[in-house]
Amino acid sequence: MSAHAADSPAAPAPAMETPKRIWRERSAMLLRSAPFVVGMLILIFWVLMAIIGPWIVPYGADDTDLLNTLTPPAADHWFGTDQFGRDVFSRVIVGSRDILIVAPLATLLGTLVGTVLGLVTGYARGLTDDVVSRIVEAFLALPLLILAMLVITALGASNATVIIVIGLSFGLVVGRTVRAAVLGERDLDYVAAANLRGERPAYILFVEILPNILPPILVETTVRLGYAIFTVASLSFLGLGIQPPSPDWGLSISQNYGLIGGGFWWTVLFYALAIGSLVVGVNLTADGVQSVIDA
Amino acid sequence: MQDATAAALEVRDLDIAYRVRRRDRQVIRGLSFRIGQGETFGLVGESGCGKSTVALAVTRYLPENGRVRTGSIHIGGQDALAMQGEALRQFRTRSISMVYQDPGRALNPSIRIGAQLAEVFEVAGVPASERMDRVEAILGRVRIVDAGRVMGRYPHELSGGMLQRVVIAMALAVDPTLLILDEPTTALDATVEAEVLDLIETLRAEMGSSVLFIGHNLAVIRRMCARVGVLYAGTLVEEGPTREIFSHPRHPYTVGLLRCLPRPGLSKHQTRLDTIPGFLPTSLADVKGCVFAPRCGLAQDICHTTEPPLIPVAEGRVSRCHFHEQAPNLPRTTPPAPPTNRKKIPAFRPVIRADNISKTFGSAAAPVYALRDVSVEIWPGETLGLVGESGSGKTTLAKLLMGLTPPDEKGIIELNGQKLAHRATARQPAELEALQIVFQNPDAALNRSQTIRGIISRPMKKLGGYRGAALTERLSGLMSHIRLAERYLPMRPRQLSGGLKQRVAIARAFAGDPRIVVCDEPTSALDVSVQAAILNLLADLQAEQGVSYLFVSHDLRVVRYISDRIAVLYLGRLMEIGPAEAVFNGPHHPYTESLMAASAAEEASGQLRLKGEIPSAMRPPSGCVFHTRCPRKIGTICETTEPELVQREGDHGIRCHLDLDQMGRTVTVEA
């Protein structure tokens, strides 16, 4: 012991908030939040269906039965059949596959692009920020669907195009959220301390600042996922998203909506309900995550 | 209604708990005290002792998870805890008023001062026609000269001191039974604090208000309060007449607290500061005996098993200590001998030299001169203290030296005789290593997502080039120097107390081999007992490693303790610079004299007062920038000609037209 041992703390520091404990508390709060639990259950259901759907459905999604076209919901066809005699129930279950690949990938791309964009504009400020921000605002002034339609018409529709178009345009929105979070961090003294030991800007952005702004990025991502599902379904409905012969929900609605007038409501309603339930599930989850992060 | 003979505030056996994670956490236990009519009672204690919780409970503003478990609070004879609905609203309107620490946040930024004060009278039922006259009268009462003009202003247009006057006016408007002042001057500059304390003292005498004064500043409490209660970990440990408690404390905690303060005139070369070891108890529920026993140098077996009652030790005085007679003999926890200078550096040139540096913010059309032609040098192993009111340019100078803000083109900064780039990003690794900083607020200065190990070892790798085993060795060596246990290494900043966090920040600055460390108010966010330990640490590190400090602080006693030389800034100009003793004893610049008077005013009234606020740096006064507030102004020469910084005796430079024998002197009584 040194001569100044008395200067050193004699007892353990108070208020032990270990990361593990915080994590456990946050998880417990999440599981106590009703919106989160319900939302997660819906999400888990659809993800499960997307994975094992083709093996559990009673009929093949593309199997036609021309003797039984447009039959209303009944015991052997729970959701009825469409104009080619395909089983609507089987198509709704299997139809979750494409949208559950395209929408999350688009969201992921948007988050990545937005995070980099926000970090750079928020940290650089000055001319870089001004120029980039004005360009972002110009793009955001256009409604997303119109922008997407223009680009997809020019490039040709495919899952990859949809992911890129939605991902990039979400990147602009996410970028603004991230930029605001960076502005709150960049003038804190720990950033000055990093500069004073000669850290490169990339290190400061990704190692010093990024870990501190993950919570708002996480919330933004879950919210964006809801929008992505909705947008993918809309594009597919317009014929610009997921392409036939997929049993995709949006696509199926566009193929069948002309039949509603004839009273064949089951050929549209169940796809619409599927889209709705997925969007509601994602948004409930997002609400739960946000309330826990804000707490 | 109210009983005229009842105590203004009577708190009995108060027990408060906060519900945290579905468990009750006790914060106040068995608290009793009484404030008589017209009496001023001080509640003093360090952060976390529960003093603000008491104020919240008295005003019935405990947060939702807070609960009074047992006990009673009576204000003017009324049971404060029983009130509900309209009765509670009436009670808050008429019986109590509160003045908070930050006046800027106590006022609504979008309502004019006059209208805001009128609201108070509206609630009190004063007819609309009379309200504005009443507002003007009450503003006059708090010595606001131009009341009519102030009423038309928005809060952001007034200075901090003026705002606090308005808040005090608001609190006194309804002549409350009890006035609660919660750290009313903590956010203010010493010069402004002195004025506000004078005002509170005068008003109390005029209006005969009963006051509960909450604070951590012992000097302010000593001056303002007739009686004082010392709160430690939610427990009242000592109570009695202020004068007696502060001159002859009878509880080891009070004794320790008073010893932590650097006494006037004391310097690091004379003695090490005493500290209070250890921490507040984590949970009051687990405390068996005396709540202070784990940190007490006098504790015996009985102290750990049996809680002492409040024992009467004299007329009107109680102490919660089994051994209160021995309390003044509390053994020191640090050796009194100052650190001996083990590492002497032959000094033939300053380690850092700033020559004529200036900083102008804003545009060419509307320049703001934050710093004008300042030249300072700091020699190896010495501490240069930097003092001045807020807005004087202290932090700007620190940032310029560090390269965090580039100075105006013409200035030169040299490190060991080598010219330094103006921006930190353009400086060499060796230069960065030599020049480090400890910031004021460790919460912002430490990255909250990194571990202590990461925070301290990164600069070792980056600046010192340490790797592998050498890094581990260097890390544990530094940890023992900073007196941080190695078990803190895997933790994150939020798991540490404020003092420990500041140690980590100091460790980071010393991770390389710094030659000069800028300390920007490193202890002003800390409690006095922690401050003492940090000042000891800085003094020890300096003695061991021969490092130099630029020590920025508004606390003159701290600056006096730690500094070898002192520089005084006003409106971005260097007004005085010289050896600490010469600057403090005088003859000194009238501005320095005023600062010292304001510092002394924490303890006594009737000193020389600095009038008004620091002028705007956008329109600095002509001639000597201090002439508008100078108590020793000679005449027109002060308004027309800016005096030179003239070397007087030895190294002592003063920027003033006065002759030496016309300047003030301060005689500090060496304790």
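In this predicted model, the C-alpha centres of domain 1 and domain 2 of chain B lie 28 Å apart. To find them in the viewer, look for domain 1 of chain B at 352–363 + 370–563 and domain 2 of chain B at 568–662, as the domain assignment gives them. Where the two domains touch, domain 1 of chain B brings 18 residues to the contact and domain 2 of chain B brings 15 residues.

Let's stay with the domain 1 side of that contact. Four elements of chain B each supply at least two residues to it: the strands β14 (368–378) and β15 (383–387), and the helices α13 (394–402) and α20 (556–562). Of these, β14(B) gives the largest share, with 5 residues. Sorted by class, this side of domain 1 of chain B holds 8 nonpolar, 6 polar and 4 charged residues.

Now turn to the sheet. Strands of a sheet pair through backbone hydrogen bonds, and they can do so parallel or antiparallel. Chain B has an open sheet of 8 strands with mixed pairing, and you can trace it in the order β18-β19-β20-β15-β21-β22-β24-β23. At its edges are β18 (435–438) and β23 (645–647) of chain B, each of which pairs on one side only. From one strand to the next, the twist averages 20°.

Within this sheet, strands β19 (residues 516–520) and β20 (residues 548–552) of chain B run parallel and are joined by 5 bridges. One pair to look for is B:Ile516 with its bridge partner B:Ser548 in β20(B). Finally, helix α18 (residues 498–509) of chain B lies across β18 and β19 of chain B, and α18 runs at about 175° to β18(B).

Conventions: Residues are numbered from 1 along each chain as its sequence is written. Chains are lettered from A and ligands numbered from 1 in the order in which they are written. This is a predicted model: local features need pLDDT of at least 70, side-chain atom pairs count only at pLDDT 80 or more; totals for chains, interfaces and linings use all residues. Domain bounds come from an automatic or database domain assignment. Two residues are in contact if their C-beta atoms, placed from the backbone, lie within 7 Å. Ala, Val, Leu, Ile, Met, Phe, Trp, Tyr, Cys and Pro count as nonpolar, Asp, Glu, Lys and Arg as charged, and the others, Gly among them, as polar. Two strands pair if DSSP finds at least two bridges between them. Axes are lines fitted to C-alpha atoms, for helices over the stretch in contact, and angles run from 0 to 180 degrees between N-to-C directions.
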